[in-house]
Amino acid sequence: MLKFKLLGTAAGGGFPQWNCACSLCQLSRTQPQLTAPRMQLQASFSGDGENWFLINACPDLRYQIEANPELQPSAALGKRNTPLHGILLTSADLDQVLGVLLLREFQPLTIYATSLVRKVLEANTFFRMLDRVPQQLTWVEISPDHPLLLDHEITCRAIPLSGSLPFYARDVNPAQDGQASLGLLLEASGLRIAYTPSLPKITEELLAIYSTSDVILVDGTFWSDAELSSTHAGTPSARSIGHIPMSGDDGIIALLSQIKKPKKVFVHINNTNPVLDPRSAEYNQVIQAGWEIGHDGWQLN
């Protein structure tokens, strides 16, 4: 049976954000029982509950491993071991790859990524720390045209999205379309999970995937398009940085209102998003629309 768990659900910077004194961050600091702190977005899945894969590797990964016993080494297997069998990278964004560097302790790792994401990371000298001894690092290419068969008959299909390379990789030639940003479709035992935490736009192809899935995990970064400017004047709109907001006639809730079958879960919640407060009107609107707000520790068995 496919097991899926969210280890973190916040956008970059976590919640509360380290340099933010907005009302939500202050509320989380002073009354965490109302608005619980969140670590940065991180997901894991397994076919047997013993061997796990990570979707990306966020900067909070070490703390997330220590908070989830199933991801920790077993003393019965010796002094050095890990139940982590692979890391699937959906982009080269720092929020998705910095955690890989935390796993550099001569531990053999398998990383699944597109050829473009691999090219970006190998161009950065920091990532040479992952390849200091023979067979320390194994790359497996992800391609939308070739589904991966993982442990315990889990099939992973890449969903090409229209995102671009991150700012630090702007000098890399993105020759391969659809390789800079991916969603993932996981299938096992008749269960389909679509994981798309960053959505620049919703296409007909994506709607078809959603309509045939059992669970969809969707970009919940911002409530409104101009949300960032409420705490930091001069900041860009949600859409200009690749995130469809939740609200509005052209927001995610409205665009996916006809998708009825799957369990619908918002993830990657920014610290400015009012849905973080369960007492808010925005939170109630999300629930009434048939959605869930993902939280750290949310899991599907």
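**Reading contacts, strands and pockets**

Author: Let us start with a pair of residues: the side chains of Thr 9 and Arg 38 are joined by a polar contact of 2.7 Å. A polar contact is a pair of N or O atoms within 3.5 Å; within protein, one must be able to donate a hydrogen and the other to accept it, and residues adjacent in sequence count only if both atoms are side-chain atoms. The model is predicted, so to speak of local features pLDDT must be at least 70, and side-chain atom pairs count only at pLDDT 80 or more, while totals for chains, interfaces and linings use all residues. Residues are numbered from 1 along each chain as its sequence is written, and side-chain values use heavy atoms, with hydrogens and water left out.

Reader: Where does Thr 9 lie?

Author: Thr 9 sits in the loop between β1 (3-8) and α1 (23-30). Those labels come from DSSP runs, numbered from the N terminus: helices are H or I with at least four residues, strands are E with at least two.

Reader: Is Thr 9 buried or exposed?

Author: Buried means under 20% relative accessible area, exposed over 50%, and partly exposed in between (1.4 Å probe, protein chains only). Thr 9 counts as buried because its relative accessible area is 0%.

Reader: Which residues does Thr 9 touch?

Author: A contact means heavy atoms within 4.5 Å. Setting aside residues up to four places away in sequence, Thr 9 touches Arg 38, Met 39, Gln 40 and Leu 41, then Val 267, His 268 and Ile 269, and also Gly 294, His 295 and Asp 296.

Reader: Which strands pair with β1?

Author: Strands pair if DSSP finds at least two bridges between them. β1 and strand β2 (residues 42-46) run antiparallel and are joined by 5 bridges; there, Leu 6 stands opposite Ala 43. β1 also pairs with strand β14 (residues 299-300) in the antiparallel sense, over 2 bridges, with Lys 5 opposite Gln 299.

Reader: What joins β2 to β3?

Author: These two strands run antiparallel, with 4 bridges between them, and Phe 45 stands opposite Phe 53. β2 and β3 form a hairpin with 5 residues between them, and Gly 49 in the turn has a positive phi of about 80 degrees. Strand β3 (residues 52-55) is covered on both faces: Trp 52 and Leu 54 are buried on one side, Phe 53 and Ile 55 on the other. With β4, β3 pairs in the parallel sense over 4 bridges, and the bridge partner of Ile 55 in β4 is Leu 88.

Reader: What does Asp 151 touch?

Author: Asp 151 touches Asn 51, Phe 53 and His 85, not counting residues up to four places away in sequence. With His 85, the link is a polar contact between side chains, at 2.9 Å. Asp 151 belongs to the loop between β7 (148-150) and β8 (154-160). Its relative accessible area is 27%, which means that Asp 151 is partly exposed.

Reader: Where is Asn 81, and what does its side chain reach?

Author: Asn 81 is in the loop between α2 and β4 (84-88). Its side chain reaches the backbone nitrogen of Ser 74 at 2.9 Å, and a polar atom of that side chain lies 3.0 Å from the backbone oxygen of Gly 78. At 15% relative accessibility, Asn 81 counts as buried.

Reader: Which residues lie nearest the centre of the second largest pocket?

Author: On a 1 Å grid over the protein atoms alone, a pocket is an open set of points with protein on both sides within 12 Å along at least five of seven lines, whereas in a cavity a 1.4 Å probe fits but cannot get out; lining residues have an atom within 4 Å of a point. The second largest pocket is lined by 15 residues, and Ile 65, Pro 73, Asn 81, Leu 103 and Glu 105 lie nearest its centre. Helix α2 (residues 61-67) gives the most to that lining, with 3 residues.

Reader: How many residues line the largest pocket?

Author: It is lined by 42 residues, and Asp 93, Asp 95, Ile 241, His 243 and His 268 lie nearest its centre. Helix α3 (residues 94-101) gives the most to this lining, with 3 residues.

Reader: And which residues line the largest cavity?

Author: Its lining consists of Ala 10, Ala 11, Gly 12, Gln 40, Leu 41, Cys 58, Asp 95, Gln 96 and His 268. Among them, Gln 40, Leu 41 and His 268 also touch Thr 9, where we began.
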